Amino acid sequence: MNIGDKVRFLNATGGGKITGFQGSDIVLVEDETGFEIPCMRNEVVVIETDQYNFVRKTSTPKASKETETPAAPPTSLKAMLSAHVGDNAEEEETDIADRPMTFRARPVERRGADELNLYLGFLPTHRQSLASTDFEAYFINDSNYFVHYLVLTQEGTSYRLKYEGEAEPNMKVWLETFDRDALPELERLTLVITAYKRERAFALKQPMCITVRIDGTKFYKLHTFQPSEFFDEAAYICELVRDDRPASQVSLEADSLQTALQTPKAVPLTAPARKKGALPGFKGTDRNGLIEVDLHIEQLLDRTDGMTAREILDYQLGVVRKTLDAHLKEKSRRIVFIHGKGDGVLRNELLKLLKSRYRSCTHQDASFQEYGFGATMVTIH
């Protein structure tokens, strides 16, 4: 060691330049602040000397890494500051505050909630102006299971992914905010659902592929949005799964349904109970004498097991004929047939029937504000 050599402390952070000696064992080191620090000769190591102008290799980890490829720059402010503290900084342990958070609390389970109950929820952002408001869509998981869901829209015979995610137990998930232009996309939704639990044993739930029809006309009616246990504000709740089974307004897309649709022979059906004298799908009249008839098959029949698509269509057209025949003598009577957008098959067949059998009646698209794209209004003359 010589005066002028740069040294680093072995038992402390930092170092400095040798300014003198006291005896054979004491070295005086001047640090960067100008203070002379006496220390034992064996507690410092020379890292640079003025005499030979070279860097001496040491056995410390720092020296062994000087020829390696430089590490990536620090990604946190704390790491950037630590890089300038001194050569000894790399030997310090990582601060606990820098470690990623890995703890995940177990979800709270409710007694008696091990059966799947799933819903779609729709909430108007401005309920006072229903004609122009946007809507928020939610997936609601009212069970003790994690639920992974895919929500698909249908384009002819193809599908497009609209939403995808995981709903934690007893939680609702915000999906999106949409305006009225998006209502036709919601008219027919297909959901693929898988349920499971984490870090504990659970009863196996069969994966589900279900299809639900969202009636766009309901978004124009104030009474559609009712109080519920899931929201503080009035909301439209569409039931998907009730007690592990698809709800009544949902059709199960399974092999049994495919087999039933391919069965050529129809099974006799019993129409649901209605007010005496009322026609299928009849919804009543308003003060202006407007009659609404919902032609969606789930509104007309309790069951469609064994019916082909042609038989379903014929039944719907039969309801149209019965309704018109019952009111043909009522001049200026207006009847709205709600058929939905879908693939347009029912609407086209309805128009053919009107042009061929009811030429005295006029028809037009019903009010978009009231019914969206899926209704036709007929006026009897």
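**Cavities**

I began with the lining of the largest cavity, which divides into 7 nonpolar, 6 polar and 3 charged residues. Here Ala, Val, Leu, Ile, Met, Phe, Trp, Tyr, Cys and Pro count as nonpolar, Asp, Glu, Lys and Arg as charged, and the others, Gly among them, as polar. I note that this is a predicted model, where local features need pLDDT of at least 70, side-chain atom pairs count only at pLDDT 80 or more, and totals for chains, interfaces and linings use all residues. Residues are numbered from 1 along each chain as its sequence is written, and side-chain values use heavy atoms, with hydrogens and water left out.

The lining of that cavity has 16 residues, and Glu 187, Gly 216, Tyr 371, Gly 372 and Phe 373 lie nearest the centre. A cavity is a set of points, on a 1 Å grid over the protein atoms alone, where a 1.4 Å probe fits but cannot get out; lining residues have an atom within 4 Å of a point. I read a volume of about 120 Å³ for the largest cavity. Volume is the space filled by probe spheres set on the points, and grid points are joined across faces, edges and corners.

How many cavities of 30 Å³ or more does the structure hold? I found 3. Among the residues that line the second largest cavity are Asn 144, Phe 146, Lys 197 and Arg 198. By class, that lining has 3 nonpolar, 1 polar and 4 charged residues.

**Rings**

I searched the whole structure for aromatic pairs and got 14. Rings of Phe, Tyr and Trp (its six-membered ring) pair if their centres lie within 6.5 Å; planes under 30 degrees apart are stacked, over 60 edge-to-face, the rest tilted. Phe 219 and Tyr 236 make an edge-to-face pair, with 5.6 Å between centres and 80° between planes. Phe 219 is in the loop between β12 (208-212) and β13 (236-242) and Tyr 236 is in β13, so the pair ties together parts 17 residues apart in sequence. Strands are DSSP runs (E, at least two residues), numbered from the N terminus.

Are Phe 219 and Tyr 236 buried or exposed? Both are buried (under 20% relative accessible area; exposed is over 50%, partly exposed in between, with a 1.4 Å probe and protein chains only). One aromatic cluster holds both, together with Phe 122, Phe 135, Phe 178 and Phe 225.

I also looked for charges over rings (NZ of Lys or CZ of Arg within 6 Å of the ring centre and within 35 degrees of the ring normal). Lys 197 has its charged end over the ring of Tyr 145, 5.0 Å from the centre. Lys 172 lies over the face of Phe 231, at 5.1 Å from the ring centre.

**Strands and phi**

I traced an open sheet of 5 strands in the order β10-β7-β6-β13-β14, with antiparallel pairing. Its edge strands, β10 (171-178) and β14, each pair on one side only. Two strands pair if DSSP finds at least two bridges between them; β13 and β14 have 2. Val 241 has Pro 246 in β14 as bridge partner.

Most residues other than glycine have a negative phi. Asp 243 has a positive phi near 50°, in the loop between β13 and β14 (245-246). Asp 243 is partly exposed, at 40% relative accessible area.

Terms used. On a 1 Å grid over the protein atoms alone, a cavity is a set of points where a 1.4 Å probe fits but cannot get out, and a pocket is an open set with protein on both sides within 12 Å along at least five of seven lines; lining residues have an atom within 4 Å of a point. Helices (H or I, at least four residues) and strands (E, at least two) are DSSP runs, numbered from the N terminus.
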